[in-house]
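Biologist: Can you put the model up and walk me through it? I'll ask as we go.

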Amino acid sequence: MFRLIVACFMMQVTCVWAEEAQPLQADLAVEMQVQRLSEELRCLVCQNQTLADSHSDLALDLKREVREMATKGMTDEAIVDYLVARYGDFVRYRPALKSSTVLLWFGPFALLLAGGIGLFIQLRRRQAMTTDEPLSAEEARKVDELLDKES
Amino acid sequence: MNRGMRALIPLAVFLVVVGFLFKGLFLNPKEVPSPLVGKPAPQFSLPRLDNPETVFSPKEMLGQVWMLNAWASWCPSCVEEHPILVSLAKTGLVPLIGLDYKDTQLEAQQWLEKGGNPYAVTVMDADGRVGIDYGVYGVPETYVIDKAGVIVYKQIGPVTVEALRDTIIPLVKKLQSQ
């Protein structure tokens with residue numbers, strides 16, 4: 001009898017383990033969507049981490065929320081919009097491209113371009129200042145002498 | 001442009017950068033502006049802490065200005081905020097509704113017995129779902145909601161004496177007179 005109880009108990013334990021692993025297999029597409037979104041969404045508690053990186057309570061709750069929405073078949077966009085409506089644009093790890101963020105996205109490239117143009121103009125001007133002057137007879141003789149020595 | 005002025009360009013650029021960085025010193029990255037300000041307060045229906053059999057919903061507050069305070073017995077800043085809320089409640093100026101965020105009933109009740117209960121009603125948001133609807137990302141957070149049920153102001157972090165005196169109380173009075 002005792003053995004039977006032990007056996008039952010052990011079976012139960014294995015059952016519990018089997019249950020825990022299940023969600024991964026249940027729907028691979030949902031898991032992949034949750035994973036993809038977790039990397040796009042910011043954890044608001046530990047602000048420089050994504051939901052995927054964070055183990056804070058809120059991040060776990062938000063991941064749960066994302067998983068539920070993904071299970072319902074909501075698109076990535078709809079899920080992100082749901083969270084932006086509650087937490088604001090900051091919840092996106094990658095800022096959305098819109099009029100207020102244009103400078104953020106393209107500012108560095110604009111600066112690079114402006115610097116490049118400035119450098120180009122500067123170099124052009126400097127080139128214009130130098131003129132090709134023919135060598136004087138004395139200089140030409142020295143050059144010949146040096147070159148002869150080399151060979 | 002002459003030579004002297006051109007020499008000043010790097011200095012000007014430097015000063016602009018310094019200006020931005022200086023401003024950055026006084027910004028608080030923990031304060032994320034809530035997109036919910038100006039929007040209707042999300043509806044919910046949650047069990048009351050004092051009597052979990054009955055539920056409370058923000059609809060019951062329509063027609064009056066009220067405040068929703070998200071708190072928890074496990075939250076360190078709430079300790080600091082609590083006596084301020086208790087003294088606000090004593091003035092009877094504005095009803096305070098507590099959103100007990102991800103807490104247990106027992107611990108929450110013990111907390112209120114110890115520190116005093118400033119809340120007209122406290123509801124239990126055990127799994128934090130209503131907190132998510134309200135964009136709560138760290139307790140305490142406090143919302144001022146007008147007679148039409150629209151969120152007018154959100155205080156992130158503890159309500160301080162200064163915040164009450166300078167912002168919240170004047171705002172509540174203004175909203176009440178509307």
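Modeller: Start with confidence. Chain A has a mean pLDDT of 83, and 81% of its residues reach 70 or more. pLDDT is the predictor's confidence in each residue, from 0 to 100. This is a predicted model: local features need pLDDT of at least 70, side-chain atom pairs count only at pLDDT 80 or more, and totals for chains, interfaces and linings use all residues. Residues are numbered from 1 along each chain as its sequence is written, while chains are lettered from A and ligands numbered from 1 in the order in which they are written.

Biologist: Where in chain A does pLDDT stay under 50?

Modeller: Over residues 13–18 of chain A. The model has 0 contacts beyond four places in sequence for that stretch. Two residues are in contact if their C-beta atoms, placed from the backbone, lie within 7 Å.

Biologist: And what does chain B average?

Modeller: A pLDDT of 93, with 99% of the residues scoring at least 70. Among the elements of chain B, strand 3 (residues 66–71) has the highest mean, 97. Helix 1 (residues 3–7) of chain B has the lowest, 80. Helices (H or I, at least four residues) and strands (E, at least two) are DSSP runs, numbered from the N terminus.

Biologist: What ipTM and pTM does the model score?

Modeller: ipTM is 0.78 and pTM is 0.75.

Biologist: How many residues does each chain bring to the contact?

Modeller: Chain A brings 13 residues and chain B brings 13 residues. On the chain A side, helix 3 (57–71) and helix 4 (76–87) each supply at least two residues. Helix 3 of chain A gives the most, with 5 residues.

Biologist: What classes are on that side of chain A?

Modeller: 7 nonpolar, 2 polar and 4 charged residues. Nonpolar covers Ala, Val, Leu, Ile, Met, Phe, Trp, Tyr, Cys and Pro; charged covers Asp, Glu, Lys and Arg; the others, Gly among them, count as polar.

Biologist: Back to the fold. What is the secondary structure of chain A?

Modeller: 6 helices and 0 strands. Along the sequence the pattern reads α-α-α-α-α-α. Of contacts in chain A between residues at least 6 apart in sequence, 41% join residues at least 24 apart.

Biologist: What share of chain A is buried?

Modeller: Buried residues are 14% of the 151 residues in chain A. A residue is buried if 20 or more other C-beta atoms lie within 10 Å of its own, exposed if 12 or fewer, and partly exposed in between; C-beta atoms are placed from the backbone.

Biologist: Leu83(A): buried or exposed?

Modeller: Buried, because Leu83(A) has 23 C-beta neighbours inside 10 Å. Leu83(A) belongs to helix 4 of chain A. Leaving out residues up to four places away in sequence, Leu83(A) touches Leu41(A) and Val91(A).

Biologist: At what angle do helix 2 and helix 3 of chain A cross?

Modeller: Roughly 135°, with the axes of helix 2 (residues 28–38) and helix 3 of chain A coming within 9 Å. Axes are lines fitted to C-alpha atoms, for helices over the stretch in contact, and angles run from 0 to 180 degrees between N-to-C directions. The two helices of chain A are therefore oblique to each other. Under 35 degrees counts as roughly parallel, over 145 as roughly antiparallel, 65 to 115 as roughly perpendicular and the rest as oblique.

Biologist: Which residues make that contact?

Modeller: Helix 2 of chain A uses Val30(A), Gln33(A), Val34(A), Leu37(A) and Ser38(A). Helix 3 of chain A uses Lys63(A), Val66(A), Arg67(A), Ala70(A) and Thr71(A). By class, the contact has 5 nonpolar, 3 polar and 2 charged residues.

Biologist: Over to chain B. Which residues does a cis peptide bond join?

Modeller: Val139(B) and Pro140(B), with omega about 0°. Pro140(B) sits in the loop between helix 5 (129–133) and strand 6 (141–145) of chain B.

Biologist: What about phi of Lys102(B)?

Modeller: Near 50°, a positive value in a residue other than glycine. Most residues other than glycine have a negative phi, and most peptide bonds are trans. Lys102(B) lies in the loop between strand 4 (96–101) and helix 4 (105–115) of chain B. Lys102(B) counts as buried, with 20 C-beta neighbours inside 10 Å.
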